[in-house]
Amino acid sequence: MDPVSTILELLLSVEAILLIFVIVILRGSIKFVPQNRAWIIERFGKYQSTKEAGLNFIIPFIDRVAADRSLKEQATDVPSQSAITRDNISLVVDGVLYFRVLDPYKATYGVDDYVFAVTQLAQTTMRSELGKMELDKTFEERDLLNTNIVAAINAASDPWGIQVLRYEIKDIVPPNSVMEAMEAQMKAERVKRAQILESEGDRQAAINVAEGKKQAQVLAAEAEKAEQILKAEGEAKAIIAVAEAQADALRKVGEAANTDEGQKAIQLDLATKAILAKEAIAKESSVVLLPDNATDASSLVAQGMSIINTLNSKKSS
């Protein structure tokens, strides 16, 4: 075999080995970290850096990925547990915890298993918060209870690099005896509300009836008032019409009296009325009729003597 060929073959094999080694080195040194994740890099077993999303480089065979932490919001179930309220009622409570990793370094080196740790902390905190409340308050103030649990967990989990976003109680189960008492109380409350609503309805009905009577009386009074006003206006109009008719009649009489025929008619009318008046006076026995020439002195004396004689004769009779 030709020595030159042998040397060339050896060089080619060495180059191939070097190329493969370089490829392996490059492949091991280039790391693509996914979005919302963080890699903890250790060098010779010691923390070296935290690699975030994107293209990153490490030293192969020296650096290694010690932990892969998700930065997304995570939800973990808090198992059911027994808790005692302030009024010594035993409850079975479970919930859901929502949290996220803020500091991957603390989540890796500050606690062994942060999911287990935060779950246990949520359980103990929930028991502690329920022990501060009475049974009725646990149902009425769930939002306040959840807020207090989140605040207490965040205060304790800060060294772990964990942030608790919210805690939701899924179910609260009291003992059967308490459930029966609560159902009886709810039934009594419903009966009470029904009676209150019925009494309110009766009261409103009575008020409506009274208001209706009041409005009817007001309308009747207003109608009577309007009737009296209309009647008074009608009588006033009638008086005005009569007065206008009388005035018109007098005006026509005056116009007629201003003529010769009218004067004769007036004289005739006056004479007729005088005769009628004398007839009416003559019916009274104590009255003596005087003639039309009563202005004459002799006639007046004669008439006076006649009147005296007539009166004397009536007295003697």
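Is Arg64 buried, partly exposed or exposed? Arg64 is partly exposed, with a relative accessible area of 47%. On this scale, buried means under 20% relative accessible area, exposed means over 50%, and partly exposed lies in between (1.4 Å probe, protein chains only). This is a predicted model, in which local features need pLDDT of at least 70, side-chain atom pairs count only at pLDDT 80 or more, and totals for chains, interfaces and linings use all residues. Residues are numbered from 1 along each chain as its sequence is written, and side-chain values use heavy atoms, with hydrogens and water left out.

**Overall build**

- The protein has 8 helices and 8 strands. Both are DSSP runs numbered from the N terminus: helices (H or I) need at least four residues, strands (E) at least two.
- The protein has 317 residues, and 22% of them count as buried.
- Among contacts with a separation of 6 or more, 62% join residues 24 or more positions apart. A contact means heavy atoms within 4.5 Å.
- The accessible surface is about 22300 Å². Carbon and sulfur atoms hold 59% of that surface. The areas come from the Shrake-Rupley method with a 1.4 Å probe; for residues, only the protein chains shown count as cover.

**Salt bridges**

- The whole structure contains 7 salt bridges. Each is a side-chain nitrogen of Lys or Arg within 4 Å of a carboxyl oxygen of Asp or Glu.
- Arg64 pairs with Glu42 in one of them, with the closest N and O atoms 3.0 Å apart. Arg64 sits in strand E5 (residues 63-70) and Glu42 in strand E2 (residues 37-43), so the bridge ties together parts 22 residues apart in sequence. Glu42 is buried, at 8% relative accessible area.
- Asp77 and Lys170 meet in another salt bridge, 2.8 Å from N to O. Asp77 belongs to strand E6 (residues 74-84) and Lys170 to strand E8 (residues 162-173), so this pair ties together parts 93 residues apart in sequence. Asp77 is partly exposed at 43%, and Lys170 is partly exposed at 46%.
- Lys132 forms a salt bridge with Glu129, where the closest N and O atoms are 3.5 Å apart. Lys132 is exposed, at 53%. Glu129 is buried, at 10%.

**Aromatic rings**

- There are 4 aromatic pairs in the structure. Rings of Phe, Tyr and Trp (its six-membered ring) pair if their centres lie within 6.5 Å; planes under 30 degrees apart are stacked, over 60 edge-to-face, and the rest tilted.
- Tyr47 and Tyr109 make an edge-to-face pair, 5.9 Å centre to centre with 80° between the planes. The pair links distant parts of the chain: Tyr47 is in strand E3 (residues 46-51) and Tyr109 in helix H2 (residues 104-109), 62 residues apart. Tyr47 is partly exposed at 31%, and Tyr109 is partly exposed at 35%.
- Phe99 and Tyr114 are also edge-to-face, at 6.3 Å between centres and 80° between the planes. Phe99 lies in strand E7 (residues 90-101) and Tyr114 in helix H3 (residues 114-130), 15 residues apart. Phe99 is buried at 1%, and Tyr114 is buried at 8%.
- One aromatic cluster is formed by Tyr47, Tyr105 and Tyr109.

**A charge over a ring**

- Arg166 lies over the face of Tyr98, 4.3 Å from the ring centre. A charge counts as over a ring if NZ of Lys or CZ of Arg is within 6 Å of the ring centre and within 35 degrees of the ring normal.
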